[in-house]
Amino acid sequence: MDESWTEDILGPPFRALTLPLEPDDEGPRVATLVAYEPDGAGGPSEQAGPARAVLYVHGFSDYFFHEELARTLHLHGWEFFALDLHKYGRSLLPGQTPGYVSTLEHYDADLEAAILALEQRVAARRGAPTAVDLVLVAHSTGGLVATLWVARNPGRIAALVLNSPWLDTPGTPLLKRAVRGILTAASRRWPKARLRLPEPGSSFRSISDSRDGEWRIDPVWRPEAGFPVTVGWLSGVLAAHDVLARGISVREPVLVLCSTASTLGTAWKNAKLATDSVLDVAPMVRRAAELGPRVTIRRIHGALHDVFLSRGEVRRLAVDSAAWWLDAYVPVRAENSDVLPRGMTAGGAPRIPAERPAQD
């Protein structure tokens with residue numbers, strides 16, 4: 001196996017690989033690929049047929065720490081990988097502006113490097129070149145990044161799973177055009193100027209084990225108030241939203257997981273422990289329905305903005321929904337097989353499982 005893989009900060013089941021990227025005005029850049037490899041999964045495998053692999057992409061002010069998600073999808077038969085994009089988490093280098101890009105297309109290099117390294121890792125595990133049925137699982141701003149990359153690169157992946165993707169912004173089309181025009185002009189002169197916005201903290205409070213949540217979070221890689229929002233970064237996000245508004249077509253099957261409700265605003269409310277406290281799910285769902293011809297939307301009662309970090313019963317429903325859907329649309333297959341996906345009817349429609357009620 002490649003000795004450049006090292007033990008990850010999450011511990012022995014996880015391995016990490018630094019992916020060098022082209023430098024920018026702040027110096028060297030890297031992305032980091034994380035692999036979940038329990039029970040000697042990093043060694044050669046005798047498994048036949050294409051591999052099924054997941055590549056998880058985080059959102060803004062975030063990084064990969066979803067150990068439970070990795071374990072669960074692995075148990076469902078998926079080889080699990082995650083990517084810390086450049087200037088985030090494991091890939092954040094000294095002197096860099098956290099999370100900064102001027103266009104989301106700059107993440108194309110991260111994704112290309114990660115997919116190549118992932119395919120090489122799978123081949124090394126099996127001891128031979130191996131086809132990979134790859135699924136992108138992407139959260140929030142990462143969902144926006146992944147959606148546009150898939151639209152520009154048709155046929156590269158088997159399916160796309162979006163976890164509360166940031167696909168739209170509130171406001172009328174006229175207002176959004178005006179705001180984008182102002183930000184675009186300002187970003188030419190002051191791209192890294194910080195916008196004075198209300199500091200969010202509800203999402204951190206709902207997930208961190210130091211507050212009301214369950215998860216141990218690195219305070220540098222995911223600060224309570226989030227990374228500062230810069231003029232250039234927000235301009236790049238709004239430009240991406242404009243691309244979606246003009247219309248794209250994702251031909252691959254898409255699953256969207258999100259909450260049934262949002263509780264927005266800076267003031268804390270206990271409802272934020274069981275709703276999306278970051279994005280308005282209504283415009284998210286409307287835009288998601290327009291992404292392509294095969295979009296499945298699953299709204300889950302009690303889900304947080306990151307549905308996979310919700311309370312136990314809720315997140316188990318979310319992962320089970322994703323695993324079932326993936327089995328239906330990306331089935332295990334033998335080499336060169338042409339089989340009806342599990343969970344599908346002869347007419348090509350999925351059999352939808354009943355939703356279990358969320359419990360407090």
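To sort residues by class, Ala, Val, Leu, Ile, Met, Phe, Trp, Tyr, Cys and Pro count as nonpolar, Asp, Glu, Lys and Arg as charged, and the others, Gly among them, as polar. The model shown here is predicted.

With those classes in hand, take the second largest cavity. Its lining divides into six nonpolar residues, four polar and no charged. The residues that line this cavity are His58, Gly59, Phe60, Leu85, Tyr88, Tyr107, Thr141, Gly142, Val145 and Trp233. The space inside the second largest cavity comes to about 40 Å³. Which element gives the largest share of the lining of the second largest cavity? That element is H3, with three residues.

Helix H3 covers residues 141-152, twelve residues in total. At 1.5 Å a residue the helix should span 16 Å, and its end C-alpha atoms lie 17 Å apart, which agrees. Is H3 mostly covered or mostly uncovered? H3 is mostly covered, with ten of its twelve residues buried. The buried residues are Thr141, Gly142, Gly143, Leu144, Val145, Ala146, Thr147, Leu148, Trp149 and Val150. They pack against strand E4 (51-57), helix H2 (108-126), strand E6 (132-139), strand E7 (159-163) and H6.

The largest nonpolar core has 63 residues. Those with the most contacts inside this core are Leu33, Leu55, Phe81, Leu118 and Trp233. Helix H6 (residues 231-246) supplies the largest share of the core, seven residues.

Leaving aside neighbours within four places in sequence, Leu118 is in contact with Leu33, Ala53, Val54, Leu55, Phe81, Val132 and Leu134.

The remaining stop is the largest cavity. How many cavities of 30 Å³ or more are there? The count comes to two. The largest cavity has a volume of about 50 Å³. Its lining is made up of Ser203, Ser206, Ile207, Arg222, Ser277, Leu304, His305 and Asp306. By class, these lining residues are two nonpolar, four polar and two charged. Charged residues are therefore found in this lining, since Asp and Arg count as charged and Arg222 and Asp306 are among the lining residues. The lining of the second largest cavity, by contrast, has no charged residues.

Definitions and conventions
Residues numbered from 1 in each chain as written. Predicted model: local features only at pLDDT ≥ 70, side-chain atom pairs only at ≥ 80, totals over all residues. Heavy atoms only, no water. Core = buried A, V, L, I, M, F, W, Y, C linked by side-chain atoms within 4.5 Å. Buried < 20%, exposed > 50% of the residue type's maximum accessible area, 1.4 Å probe, protein only. Helix = DSSP H or I, 4+ residues; strand = E, 2+ residues; numbered from the N terminus. Contact = heavy atoms within 4.5 Å. Expected span 1.5 Å × (residues − 1). 1 Å grid on protein atoms, 1.4 Å probe; cavity = no way out; pocket = protein on both sides within 12 Å on 5 of 7 lines; lining within 4 Å. Points joined across faces, edges and corners; volume = space filled by probe spheres on them.
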